[in-house]
Amino acid sequence: MKAYSGFKAQKASSGFPELPAGGYVCKIISARDEEGTYGEQLVIAYDVTEGEYKGFWKSAYDADTRNDKKWGGVCYIRVPDETDEAWMRRAFENFIYAVEESNPGYHWDWNEGGLKGRSVGIIVGEKEKLSKDGTQVFTNTVARGTASVDDIRNSDFKIPKKKELKNKPKASAAPTGFTEMDDSDDELPF
């Protein structure tokens, strides 16, 4: 057996850290306006400020050794306009309400920079997604809603039902790096 260049014995990663589904009191780390797939959107970076998971995303960021590491606590909120139907405006309006309720004296003035440092409740739920090659279905947790910090503290919120993919590929095992052996009782090859 020939050694390959760059070999280093190391424990395999168990994947990216995820917050469990639930509600969290958070602080907005940054807020920016950008053009997304479905139009204008607010991109909110946040971190947990209370409870067992306090500082969750900061700890995950600090522990990430990749050169291209990214902040994990991010949510995207589409910014509607006057032509959008009421149901399309709900998520944005609820987010602004949650920020205003969580920060006495603060009033939204259409300046996303003013959101930095504000408290808000983030509701995290499960969502299925496809692997990059489109053959595997994974479940992860993502920000799925917002609430006031008082609603989070009082458990006055609902965790959304798992968001499942509509057209899933046929189930197959995720690659592990191991060759699968059959369960026969034949003699071992060594």
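This report covers the fold, salt bridges, cysteines, backbone angles and surface charge of a predicted model.

## Basis of the model

The structure is a predicted model, in which local features need pLDDT of at least 70 and side-chain atom pairs count only at pLDDT 80 or more, while totals for chains, interfaces and linings use all residues. Residues are numbered from 1 along each chain as its sequence is written, and side-chain values use heavy atoms, with hydrogens and water left out.

## Overall fold

The protein has three helices and five strands. Helices (H or I, at least four residues) and strands (E, at least two) are DSSP runs, numbered from the N terminus. Starting at that end, the order of elements is β-β-α-β-α-β-β-α.

Of the 190 residues, 28% count as buried. Here buried means under 20% relative accessible area, exposed means over 50%, and partly exposed lies in between (1.4 Å probe, protein chains only). The areas come from the Shrake-Rupley method with a 1.4 Å probe, and for residues only the protein chains shown count as cover.

Gly39 is located in strand β2 and counts as buried, at 16% relative accessibility.

## Salt bridges

Side chains of opposite charge can pair when their charged atoms come close. A salt bridge is counted where a side-chain nitrogen of Lys or Arg lies within 4 Å of a carboxyl oxygen of Asp or Glu. The whole structure contains seven salt bridges. One of them joins Arg153 and Glu50, with an N to O distance of 2.4 Å. Arg153 belongs to helix α3 (residues 149-153) and Glu50 to the loop between β2 (39-48) and α1 (56-63), so this pair ties together parts that are 103 residues apart in sequence. Arg153 is partly exposed at 47% relative accessibility, and Glu50 is partly exposed at 33%.

Arg153 also forms a salt bridge with Asp150, at 3.6 Å from N to O. Asp150 and Arg153 are three residues apart in helix α3, so about one helical turn separates them. Asp150 has a relative accessible area of 43% and is partly exposed.

Another salt bridge joins the side chains of Asp84 and Arg78, at 3.1 Å from N to O. Asp84 counts as buried at 12% relative accessibility, whereas Arg78 is partly exposed at 30%.

## Cysteines

The structure holds zero disulfides, a disulfide being a pair of cysteine sulfur atoms within 2.5 Å. Cys26 is in no disulfide, and the nearest cysteine sulfur, that of Cys75, is 8.8 Å away. For Cys75 the closest cysteine sulfur is that of Cys26, and the 8.8 Å between them is too far for a bond.

Both residues are covered by protein. Cys26 is buried, with a relative accessible area of 0%. Cys75 is buried as well, with a relative accessible area of 7%.

## Positive phi angles

Trp110 has a phi near 65 degrees, a positive value in a residue other than glycine. Trp110 is placed in the loop between α2 (86-102) and β4 (119-130). With a relative accessible area of 58%, Trp110 is exposed.

Ser155 is not a glycine either, yet its phi is positive, at about 55 degrees. Ser155 lies in the segment after α3 and counts as exposed, at 57% relative accessibility.

## Positive surface patch

Lys70, Lys127, Lys129, Lys132, Lys163 and Lys166 gather in a patch of positive charge on the surface. Patches are made of residues with over 30% relative accessible area and no salt bridge; like charges are joined within 9 Å, and nonpolar side chains (Val, Leu, Ile, Met, Phe, Trp, Tyr) within 5 Å. Lys and Arg count as positive and Asp and Glu as negative, while His and the chain ends are not counted. The place of a charge is taken as NZ of Lys, CZ of Arg, CG of Asp or CD of Glu.

Lys166, one of the patch residues, lies in the segment after α3. Lys166 is exposed, with a relative accessible area of 78%.
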